[in-house]
Amino acid sequence: MKTAVFSTRRYDQTLLQQANCDAGHELVFVQDRLTVETASLAGGCAAVCVFVNDAVDAAVLERLAAQGTRIVATRSTGFNHIDAAAAKSLGIAVVRVTDYSPHSVAEFAVGLLLAVNRKIVRASIRTRDGNFELDGLMGFDLHGKTVGVIGTGKIGTIFARIMAGFGCTVLGHDAFEKPEFEQLGGRYVDLPTLMARSDVVSLHCPLTPETAHIVDAASLAQLKRGAILVNTSRGGLIDTEAATEALKTGQLGGLAIDVYEQEASLFFQDLSSTVITDDVIQRLVSFPNVIVTGHQAFFTVEAIGQIMATTIASLSAFERGEPLVNRIPE
Ligand code: NAD
């Protein structure tokens, strides 16, 4: 099946081609993001494959439908970048990758937490410059502290289990409580209680209208003073400007993010020779107690292999008229 694959980098092309060896779909790689302007590059493609920062809104879907696209496959778990209702009304099927190493993201969240708490990045930069001072590098023991997990699904539960292994008390907040989370020793509380009691808060819920800015000025004010916030889920969960204000006052003691509200125009590209006009991210990276990474939590051999294999399997199932097990929920 002819498939336009948007937002591709070299590794996407190599790994998707490997996964496609037996299936033999005709893959057309496009480096650009999918937008109304670039949608024409998918002309004649029955399938379109996208990633997290492609804008798969109603206008784009209408254009794709008019060009003959019948399925959109996102190489991600989250599908907040796709207008599911518009796709349904246009008769375009949407599939995602529900099951790929949740360990990749949970382990990265732990890495971010350790790095920001123990100032590992700052320390490494110092030693490269011949500075072996410890001033300004003090962190706190995680053992004995309380960690709040918002969203206790696949990734949140693994993160919680790792934190329990560190000797932390684990609190959770979820719209649908899971026995597995309680079995590992986690305790569900309401959001204000989680914010008030936690020394560390980590976000693992999807971005939906209900969770947009779940961390805003009001919830940051409820936070235990000096707590660390980790976000490996979606940028829109945090009101970034409110978080910046909380960092300035010390209400927020540290911030480690792999995702950012306005990441679409920044992430997955080398902008080191250009002037970045996004003042919010520039202010954030200037704080000594902030770490920003460019949406790489999923980026492990295991996760990428599974993402590519599942994507190709979904395209093949669609072509053969078989049920789509990875269809997004309606
Ligand atoms: P999941 O569906 O297994 O878990 C999500 C959990 O959030 C569920 O338990 C759900 O009940 C809960 N939830 C839904 N609405 C909620 C609400 N209003 N308040 C509290 N909890 C709510 O998903 P997962 O595989 O654990 O992935 C979680 C998120 O991680 C994805 O939605 C995606 O945004 C993000 N993600 C990021 C990366 C990355 O590279 N940074 C990679 C994969 C996934």
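How many residues of the lining of the largest pocket are nonpolar, how many polar and how many charged? The lining divides into 20 nonpolar, 17 polar and eight charged residues. The close-ups below start with this pocket. They show a predicted model.

**View 1. The largest pocket and its centre.**
This pocket has a volume of about 1100 Å³. Its lining is made of 45 residues. Closest to the centre are T77, H204, C205, P206 and S233.

**View 2. Helices that line the largest pocket.**
Two helices to pick out here are α4 (102-117) and α6 (154-165). Each supplies at least two residues of the lining. The largest share comes from α6, which gives three residues.

Where does the largest pocket lie? Domain 1 covers 2-100 + 300-320, and domain 2 covers 102-292. Both domains give residues to the lining, so the pocket lies between them.

**View 3. The second largest pocket and its centre.**
About 280 Å³ of space lies in this pocket. Its lining has 20 residues. Nearest its centre lie S7, R9, Q31, R33 and F268. By type, the lining divides into ten nonpolar, five polar and five charged residues.

**View 4. I257 and the residues around it.**
I257 sits in strand β11, which spans residues 252-257. Is I257 buried or exposed? Its relative accessible area is 4%. Buried means under 20%, so I257 counts as buried. Now leave aside its neighbours within four places in sequence. I257 is then in contact with L112, N231, I238, L284, I291, V292 and T293.

I257 and A4 are 253 residues apart along the chain.

Key
Residues numbered from 1 in each chain as written. Predicted model: local features only at pLDDT ≥ 70, side-chain atom pairs only at ≥ 80, totals over all residues. Heavy atoms only, no water. Helix = DSSP H or I, 4+ residues; strand = E, 2+ residues; numbered from the N terminus. Buried < 20%, exposed > 50% of the residue type's maximum accessible area, 1.4 Å probe, protein only. Contact = heavy atoms within 4.5 Å. 1 Å grid on protein atoms, 1.4 Å probe; cavity = no way out; pocket = protein on both sides within 12 Å on 5 of 7 lines; lining within 4 Å. Points joined across faces, edges and corners; volume = space filled by probe spheres on them. Nonpolar A, V, L, I, M, F, W, Y, C, P; charged D, E, K, R; others polar. Domains from an automatic or database assignment.
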